[in-house]
Amino acid sequence: MENETLLKEVRAKAQLWLDGNYDEATKADVSRMLAAGDSTELIESFYRDLEFGTGGLRGIMGAGTNRMNIYTVGAATQGLSNYLKASFPDLPQISVVIGHDCRNNSRKFAEISAAIFSANGIKVYLFEDLRPTPEISFAIRHFGCQSGIILTASHNPKEYNGYKAYWNDGAQLVAPHDVNVITEVTNITDVNQIRFEGNPDLIEIIGEEVDKIYIDAVKTISLSPEAIERHKDMKIVYTPIHGTGVMMVPRALKAYGFTNIIDVPEQYVVSGEFPTVYSPNPEEPAALDMAIQRAKATDAELVMATDPDSDRMGIAVKNDKGEWILVNGNQTALLFVYYLIRRWKETGKITGNEYVVKTIVTTEIIKELAEKNGVECFDCFTGFKWIASVMRENEGIKTYIGGGEESYGFLPETFVRDKDGVSSCTLMAEIAAWAKDNGMSVYQLLQQIYLEYGYGKEKGISVVRKGKSGAEEIAQIMTDFRTNPPKELAGSAIRIIKDYKTLKMTNVVTGEVSELDMPTTSNVLQYFTEDGTKISVRPSGTEPKIKFYIEVRGEMKTRADFDAAEAAADTKIEAARASLKV
């Protein structure tokens, strides 16, 4: 009966698209779904409205209310336009920046968004071609705009596209603007409310002039130009995985002084089909396979990859046996924070008023490293908008050094307010040159950090559950963990439970319950055990999956202990995984 009711509802919604002011190609697609014997596609396309969440839109492309298309993008842009006009009623000219990545339909969605903004009297700076997400954030600040958007689905599979919205500081929307924009978007209930007829006079095409200023800003981050000069011919393999990084990363590396950038020709081809990879995600080992093969063939020293919108970066390095290994997101963030703090100290920039930021699911070693060096460490929710929020709150009060998250995103500057794969690549190359200058490889530098601040290892596990039934299953998993929390993990008793949905921290040993100081709630659970293990559980905000983050600690007294520490950590991680039944 429930399925019959749902099918009746989606057929009624689909009929509105057939009867409404939609283009013929869209109507033909809807008609096809209505006529199909299997109603699965129809249900998935219409069972809900694609939610404009706090990060914007992200979904599979196609016709329907639950799909990325010109009408869902149009509703988002019209809603954002309405909110901008209400927020800046006395401003003579409201302006926005629009960028896009390499995905299918990204340019089309960008141009349609430009038309809608301009139809609403809003000045548009539209990039001439694909550009990295961090450059969009930079341009918003550079032009003094009130907002901006980029059409991107980050590292999602090729079927997806997305729409990220920014505020006037170049950061993604947070309270109250996120909820207010969502309200305005939700109020667009009829396609006729969307103003598609643009005003070309209000659309300005931008490109090289912004690129140059952005690259010049990226160059200011450098802390060891002498090391780069001594090792400028170091062989570096870089791949954009078919995405926007091809526009800026090689150029930024050359601006830093590196002269031996080796490409991966097949992956320098810009394509929303991502033809050489199953997933264009630097977190996935397979995404770096071609780059590593290129590094082996050229005897390179460092491999770097960025995702399609070039806000995240993954790396591979050689171990002491000459084998190529992947460095995970926690380790990458740890390398950045260690290097930045150490060089800030060595160059006399540490005054006692500096801070770094990490997300709650990122390794605790970063906090220990920062605090031992007199640098404050802020914890925030997952998502770079929360790191940017901490930056906004501390602007003019404390000095930002860097911030990162375990999902391969880092920001080593303040002129961008989102994770920046371009500056991260240049800084990581500098770290490799600096390490070499100090007689170490990047692999050995990571071992050195563990020796100084304690060993740890992390593993992320994603359980994918697609569609309506999947979303319900994920919700039930979170409910089960709340109502029946584990007593131990990998044989170690749980000491602390943090529930960010209720903002309560429970000391399991004493029974004491205290408040968690966070700006809002989030559907995240964390468990801390007696032996230092940390487990975080959260549904993804952008993908149909629930994520488990496992961090275990171990002992390492010399570099020779590293392999044994790794093996012991792997055993403990698998035991924790068994305890969680994932």
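Trainee: Before we start, what are the ground rules on numbering and confidence?
Mentor: Residues count from 1 along each chain as its sequence is written, and side-chain values use heavy atoms, with hydrogens and water left out. As the model is predicted, local features need pLDDT of at least 70 and side-chain atom pairs count only at pLDDT 80 or more, while totals for chains, interfaces and linings use all residues.

Trainee: How many residues of strand β10 are buried?
Mentor: Strands here are DSSP runs of E, at least two residues, numbered from the N terminus. Buried means under 20% relative accessible area, exposed over 50%, partly exposed in between (1.4 Å probe, protein chains only). Strand β10 covers residues 313-318 and is mostly covered, the buried count being 5 of its 6 residues.

Trainee: Which residue in β10 is the bridge partner of T306?
Mentor: Two strands pair if DSSP finds at least two bridges between them. Strand β9 (residues 302-306) runs antiparallel to β10, with 4 bridges joining them. The β10 partner of T306 is M313.

Trainee: Which residue takes a positive phi in the hairpin of β10 and β11?
Mentor: β10 also pairs with strand β11 (residues 324-327), antiparallel over 4 bridges, and V317 has I325 as its bridge partner there. That hairpin has 5 residues between the strands, and the one with a positive phi, near 85°, is G322.

Trainee: How far is the side chain of N507 from the backbone nitrogen of T510?
Mentor: N507 lies in strand β19 (residues 504-507). A polar atom of the N507 side chain lies 2.9 Å from the backbone nitrogen of V509. For the backbone nitrogen of T510, the distance is 3.1 Å.

Trainee: R312 forms a salt bridge with which residue?
Mentor: A salt bridge puts a side-chain nitrogen of Lys or Arg within 4 Å of a carboxyl oxygen of Asp or Glu. The closest N and O atoms are 3.4 Å apart, and the partner is D307.

Trainee: Why does the salt bridge of D379 and K358 tie together parts that are apart in sequence, and by how many residues?
Mentor: The two side chains meet at 2.8 Å, N to O. D379 lies in strand β13 (residues 376-380) and K358 in strand β12 (residues 354-359), so the pair ties together parts that are apart in sequence by 21 residues.

Trainee: Is K358 buried or exposed?
Mentor: D379 is partly exposed, at 26% relative accessible area. K358 has 0% relative accessibility, so K358 counts as buried.

Technical notes. A polar contact is a pair of N or O atoms within 3.5 Å; within protein, one must be able to donate a hydrogen and the other to accept it, and residues adjacent in sequence count only if both atoms are side-chain atoms.
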